[in-house]
Amino acid sequence: MRRTRVRFAPSPTGPLHMGGVRTALYNFLYARQKGGDFIIRIEDTDSARFVPGAEKYIIEALNWCGIKADEGVDENGNIVEIPSEKHPHAPYRQSQRRGIYRKYAEELVEKGWAYYAFDSAEELASMRSEAEGKGETFIYNYQSREKLKNSLTLPKEEVERLLESTTDWTVRFKMPQDRVVAMDDLIRGHVEVNTSTLDDKVLWKRADELPTYHLANIVDDHLMEITEVIRGEEWLPSLPLHYLLYEAFGWSETMPRFAHLPLLLKPVGNGKLSKRDGDKMGFPVFPLHWVNSAGETYHGYREDGYFPEAFVNMLAMLGWNPGTEQEIFSMQELIEQFSLDKVSKSGAKFNPDKAKWYNKEYLRAKSNEELAREYLPVLKEQGVEADFDYVCKVVGIIKERATFVSDFWTIAPYLFVAPSEYVEKDLKKFGTAENYAMALEAIKADAELEEYIRAKEWPMGKVMNCIRLGLSGSGSGLAIADIISCIGKEEAIKRMEKLADHLLCA
RNA sequence: GGUCGGUUCGUAUAACGGUUAGUACUCAAGAUUUUCAUUCUUGCAACAGGAGUUCGAUUCUCCUACCGACUACCA
C-alpha cells in the first residue's frame, strides 16, 4: 500500500477562483484523512499566460482558507526551489524543472509513441481555418499526420537537419488508431473512449524548451509519486491521453487513480462560473480580492467580510455532502467525513444566499470577545474610542442581527455616538408633542421603564418608539432596554432632551 | 459538427427497487416582541420525456430532449 500523496497543481495565470479553491480543499481533505501528503506544484509551462503575483495570490488564498501544503511550499509561503528532506522533489515550479522533461519526450519518440513535428503554428492555424471554411474540422491525428511535416513523413536526414537548424518544432504524441481506452474514475465510474476520436497532442515545444500540460503533469505526478489525481471535470476529455502516456512510459503499475470533480456553475443562467460573474451579480468569485493589470478590482470573500471557516464550509458542501443532515462542519469534521464517492457528478450552481447564511451561522457561533476584536478596527475607522468590555457587550447584543462584522456599525452606531439626525418618517410618526411628553417622563422616572408606562396606561408602542427615536434616531431597531443598558440612563435622558430641539424645529 | 460527462422543489442536496419523495437556503403566512431583526410554527415547491426490465421503478437498460466540458505549440 503506497502512502497517499495528492497534489493541487494550479497554473499562475490569474487569481484562483472558488472552483480552484474547492479542488484544493478536496485534495487537502483527502490527504489529511488518509494521513498522506498534500503537495502544491505550480504548472507554469505557458510563459505567455504567466501573470505576476498570481502564484503568491494562490498560496495566500489557500493559507487564508486553512489549506496548508505538506510539500512544495515552505513556512514563509514560498514555492520550494531546492530539494530537502521535507521537499524532496523541488523545485515545485515546472518552469524550473524544464531540464527534466526533454528526455522523457525523446524517450517516447524512441519508443515510437511520439514523433517530431515541424509544422509551424501558423501553418497549422491556416490549415485549421481552411478546413473550417469548408465546414470541416482539422485534426492532427492518424488521418492527417501522414500528410504533414514530421519525422514520420520526412527522410531521416531531413529530420536531423531540421532538429538541428530550426527551433520551432514540437514533439507530438502518436495517438493510436482505433483503440478503446477503458478508464475508471473514482467519481464517474467506468468510461471508455476510442482513440480514433483523439488528436496528436503536443507534448514538448522546442521554442521554449518547455513541456505542455500533458507531459509535465504525467511526468511530475509520476516522479512525485502521486497516488490520486483529484481535479476538475474539464480534464476528463484528456484522461485517455493521460492513461496512454502512463502506458507509453511503462508506468501503468503506479498510475494514480483519478477523480474528476463536477464544475461550479453560475448562480443564474447557464455556463460555468467565470471571473466576471461575481461583480455582475454582486458576490465574490475569488477568495481574496484581486487587482488586475488594467487596475480593475475583483471582490474577494476575505475582503467582503466572510470568515474563512464559513467560506470553506460552504465550498465543501458544493458538490459533496456526508449523506446526513449536518451542514456545519469544522475543518476537522470535514477531514473525518469527506469521501470521494459522496461527491456528486453534476455541476453545482453556486448560491450566494447560502454563502451568506453560512457566514451568519459562523458569526453567531463566535464569542463576543473574538468578534469584538474584529470590530475594534472598524470602530477606530469611525473615530470611536471604546472600551473592550463595552464592545464585547455591544457585540453580544447586535450579533444576532448581523451577517458580517462589517454590519455591526450600521446596525447600531448609536451605541457609540448619539444620533445627529432622525429618520424623517419616524419623526413624523412618533415624534409628536404628546408622545414626547410621555416618553420624557418615563425615561426620567425611577421605575423600570416598561412597568412605568404600563402603570400609567400609556400606549406602549407610541411611547417606546418615541424613546427609540430619541436614543437611536430611528423608530426601529434594538430593544430599548438593551440600548439603555449600554449607553446608560444619564445618556439616554440627554438624548431625549436633544430630541426636543428637533421636534421644535419640525 | 465530433467526443465525453450530466439531469430530484428556484438553488444545494437526501433516497443506493417498495417512503405521504426528506433536509437546508430563498420566498409566503402566522405566533412571539414596544418597533425592526431574531426565534418558533406552518406553507409553497421536484423525480426532463418516452420505451423497456421487474410483482413493483426517482433508483437498472436503451432512446430522445436539454445542460455542460473538451475539441490550441492554454492549463
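Author: One term before we start: two strands pair if DSSP finds at least two bridges between them. Also, this is a predicted model.

Reader: Good. How many bridges join strand 4 to strand 7?
Author: Three bridges join them. Strand 4 covers residues 170-173, and the two strands run antiparallel.

Reader: Which residue in strand 7 is the bridge partner of R172?
Author: That is V202.

Reader: What about strand 7 and strand 8?
Author: Strand 7 is residues 202-205, and its pairing with strand 8 is antiparallel over two bridges. W204 has P211 of strand 8 as its bridge partner. K205 stands opposite L210 in strand 8.

Reader: How many residues sit between strand 7 and strand 8 in the hairpin?
Author: Four residues lie between them. E209 is in that turn, with a positive phi of about 55 degrees.

Reader: Zoom out. What is the strand order in the open sheet?
Author: The order is 3-4-7-8, four strands with antiparallel pairing. The edges are strand 3 (114-117) and strand 8 (210-211), and each of these pairs on one side only.

Reader: What holds strands together in general?
Author: Strands of a sheet pair through backbone hydrogen bonds, parallel or antiparallel.

Reader: New topic, the RNA. How many residues surround RNA strand B?
Author: There are 61. The closest are S11, N270, S346, K349 and M464.

Reader: Which elements give two or more residues to that surface near RNA strand B?
Author: The helices are helix 4 (121-133), helix 11 (352-365), helix 18 (460-472) and helix 19 (480-487). The strands are strand 6 (189-194), strand 7 and strand 14 (348-349). So strand 7 turns up again, this time by RNA strand B.

Reader: Which one gives the largest share?
Author: Helix 18, with five residues.

Reader: And the makeup by class of the surface near RNA strand B?
Author: The surface near RNA strand B has 20 nonpolar, 22 polar and 19 charged residues.

Reader: Helix 11 was on your list. How do helix 9 and helix 11 cross?
Author: Their axes come within 9 Å and cross at roughly 135 degrees. Helix 9 is residues 308-316. That angle makes helix 9 oblique to helix 11. The crossing of helix 9 and helix 11 is right-handed.

Reader: Which residues meet there, between helix 9 and helix 11?
Author: From helix 9, E309, A310, N313 and M314. From helix 11, K354, A355, Y358, N359 and Y362. By class, this contact of helix 9 with helix 11 has five nonpolar, two polar and two charged residues.

Reader: Now helix 3 and helix 6. At what angle do the axes cross?
Author: Roughly 100 degrees, and the axes of helix 3 and helix 6 come within 10 Å. Helix 3 and helix 6 are therefore roughly perpendicular to each other.

Reader: What makes the contact of helix 3 with helix 6?
Author: Y101, Y104 and A105 of helix 3 meet L215, A216 and V219 of helix 6. By class, that contact of helix 3 with helix 6 has six nonpolar residues, no polar and no charged.

Reader: What about the phi of E225?
Author: E225 has a positive phi of about 55 degrees, although E225 is not a glycine. It is in the loop between helix 6 (213-223) and strand 9 (228-232).

Reader: Why flag those two kinds of feature?
Author: Because most residues other than glycine have a negative phi, and most peptide bonds are trans.

Methods:
Residues numbered from 1 in each chain as written. Chains lettered and ligands numbered in written order. Predicted model: local features only at pLDDT ≥ 70, side-chain atom pairs only at ≥ 80, totals over all residues. Near = placed C-beta within 6 Å. Nonpolar A, V, L, I, M, F, W, Y, C, P; charged D, E, K, R; others polar. Axes fitted to C-alpha atoms, helices over the stretch in contact; angles between N-to-C directions. Parallel < 35°, antiparallel > 145°, perpendicular 65-115°, else oblique. Left-handed = near helix turned anticlockwise from the far one by under 90°. Contact = placed C-beta atoms within 7 Å.
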